[in-house]
Amino acid sequence: MSADPQPPAEDDLVSALTALRASHPDSGAPKLLAQLKASRPDWAVSEKRVRKVLSTLGVGAGAGSSSSGGQGRELVARTGVDTTLDVAALAPKVEVRMFGGTKGKGLVARAPVEAGELLWHEEPWIACPDPALRPALSSGSMCTHCLALFPQPDPPLSASCAHCSARFCNRLCASRAAASSHPALLCPGQNPAAAELERAVVQHEWRALDVVARLVARWRAEREDGRGETAARVWEGTARVDMHARMSERADWAATKDAHVRSWRAAHALVVRTLNPSPVDPAFKPVQAILSARRGRRKPAPLTPDEVKRWFSYESFLQLLGLANINMEDSGGLYALHAHLNHSCEPNVQVRNLPRSYLPPTQAELPAPLPPPNPPGTRGTHKLTLLARRAVAPGDEFTISYVDFNMPRSLRRDALREGYGFWCACARCAREAKGEGKGAGAVADSEGGPDTADGVAGETAQ
């Protein structure tokens, strides 16, 4: 016998109605309620409550409005579940859930979580440094892979790339770098065309371009090995938006469109020449030699027309550039499980780059306070540490803040709309729209501003 429908939590109802509004923009409260009952028969919701939530979101029966007076449509990312990821092994108290509508996927608690509890550690599957770290990397004082500062020049266990100036903490970092942060196809000592691409990344501080190049290089290497993890993760399991569509939402698009398109075209040409050069291009032989080495010196099979279209067309480049911009993190690149986390202006998860010496609290020490800020001059590696800000019940969603949640509601929502393509409708924004509990409910971040590893909007200038 099934349980009677129960009233949903306010945050869940707000998220569900936001998704339904995006899918049915011309529907009023009665039709939205009918859709809601069809999708969530376990919820008990009245039309009066639906109308109340819609009014707090700043929308009426059939038209929308934003914090600045005109909400309009949202930019919906394509997304799906990453089937290559073993979530239970990485984060035992976490599970992936598809919410449907414009919200897509997210993470929820499988078991009770206490404040201060470690949820999971995660290293990037595509490692890429922030431009601010380039001086330390070029001077050889930082590991090219994990981004840890060396305690001294040329530490005893460190390793070097045999073809360029890249340095690593040890042989383990050097080995992992081959698939993530320093693939052979992007090593300027092995593929001279990569040097021109790297100069463009450095000159324009264009980290998203760097991520795209590393991502495609990883796929090309996996293809020669007969593997398909990257293809599945990119096209089926990671949120992405077309970069042209994303930038066209900006207020200055009309004035900047031509400049953006020129830079995208030039960047696309660099990626193609570096990773799929024409047979008449001098860059062709070095690329073939690298790929042949992965096949036991056998000649690599030519790319199929479908593969060229999927990975090297201009249209796909814009998709990959959009993927990089909305998913990459300041701490080190693309993170598979972290990318499933949705936004809230009162998040229950903190993301940190902590020193290697950090020890999480034991079960007996919980609940526990969050770690203090890293001391000046101390930095972690590119590994993320995700901690619960407060207790989380089974079934509740884990969320982070994509922006500085200390900002006023209007600035937060504008930043999210411009950087990520959506108008925030979380419970806090709904409360503040009514003028109740303004600023209440947010948990102060011990490192200030948005969650440490949550980059805001990426390279929107490109």
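Here is a walk through this structure, a predicted model, from its sheets to its cores and then to one helix and one loop.

With strand 2 (residues 105–109) it pairs in the antiparallel sense, over two bridges. If you want to find that pairing on screen, look for Val108, whose bridge partner in strand 11 is Glu397, and for Leu107, whose bridge partner there is Phe398. Strand 8 pairs with strand 11 too, but in the parallel sense, again over two bridges. Here His343 has Ile400 as its bridge partner in strand 11.

And which way do the residues of strand 11 (residues 397–400) point? Glu397 and Thr399 go one way, Phe398 and Ile400 go the other, and all of them are buried.

There is also an open sheet of three strands, in the order 3-10-9 and with antiparallel pairing. Its edge strands are strand 3 (118–122) and strand 9, each pairing on one side only. From one strand to the next, the twist averages 15°. Strand 9 and strand 10 (residues 384–388) run antiparallel and are joined by four bridges. Within that pairing, Gln350 stands opposite Leu387 of strand 10.

In soluble globular proteins, nonpolar side chains tend to be buried together. In this model, the largest nonpolar core has 76 residues, and the ones with the most contacts inside it are Trp120, Leu215, Trp264, Trp311, Phe317 and Phe398. Helix 8 (residues 207–225) supplies the largest share of this core, with nine residues.

Leu215 deserves a stop of its own. Setting aside neighbours within four places in sequence, Leu215 is in contact with Trp125, Ile126, Thr230, Val234, Trp311, Leu320, Leu323 and Leu334.

One of those contacts, Trp311, takes us to helix 13 (residues 305–312), where the buried residues are Glu307, Trp311 and Phe312. Why do these three count as being on the same side of helix 13? Because they cover an arc of only 85° around the axis. What do they pack against? The answer is helix 8, helix 9 (229–237), helix 11 (253–275) and helix 14 (314–327). Turn to the face of helix 13 directed away from this buried side and you'll find the exposed residues Pro305, Asp306 and Lys309.

Last stop: the loop between strand 8 (342–343) and strand 9 (349–352), where Glu346 is found. Is Glu346 buried or exposed? Glu346 counts as buried, because its relative accessibility is 13% and the cut-off for buried is under 20%. The side chain of Glu346 also makes a polar contact, at 3.2 Å, with the side chain of Arg431.

How values were computed:
Residues are numbered from 1 along each chain as its sequence is written. This is a predicted model: local features need pLDDT of at least 70, side-chain atom pairs count only at pLDDT 80 or more; totals for chains, interfaces and linings use all residues. Side-chain values use heavy atoms; hydrogens and water are left out. Buried means under 20% relative accessible area, exposed over 50%, partly exposed in between (1.4 Å probe, protein chains only). A polar contact is a pair of N or O atoms within 3.5 Å; within protein, one must be able to donate a hydrogen and the other to accept it, and residues adjacent in sequence count only if both atoms are side-chain atoms. A nonpolar core is a set of buried Ala, Val, Leu, Ile, Met, Phe, Trp, Tyr and Cys residues joined through side-chain atoms within 4.5 Å. Contact means heavy atoms within 4.5 Å. Two strands pair if DSSP finds at least two bridges between them. Axes are lines fitted to C-alpha atoms, for helices over the stretch in contact, and angles run from 0 to 180 degrees between N-to-C directions. The arc is that of the directions from the helix axis to the C-beta atoms.
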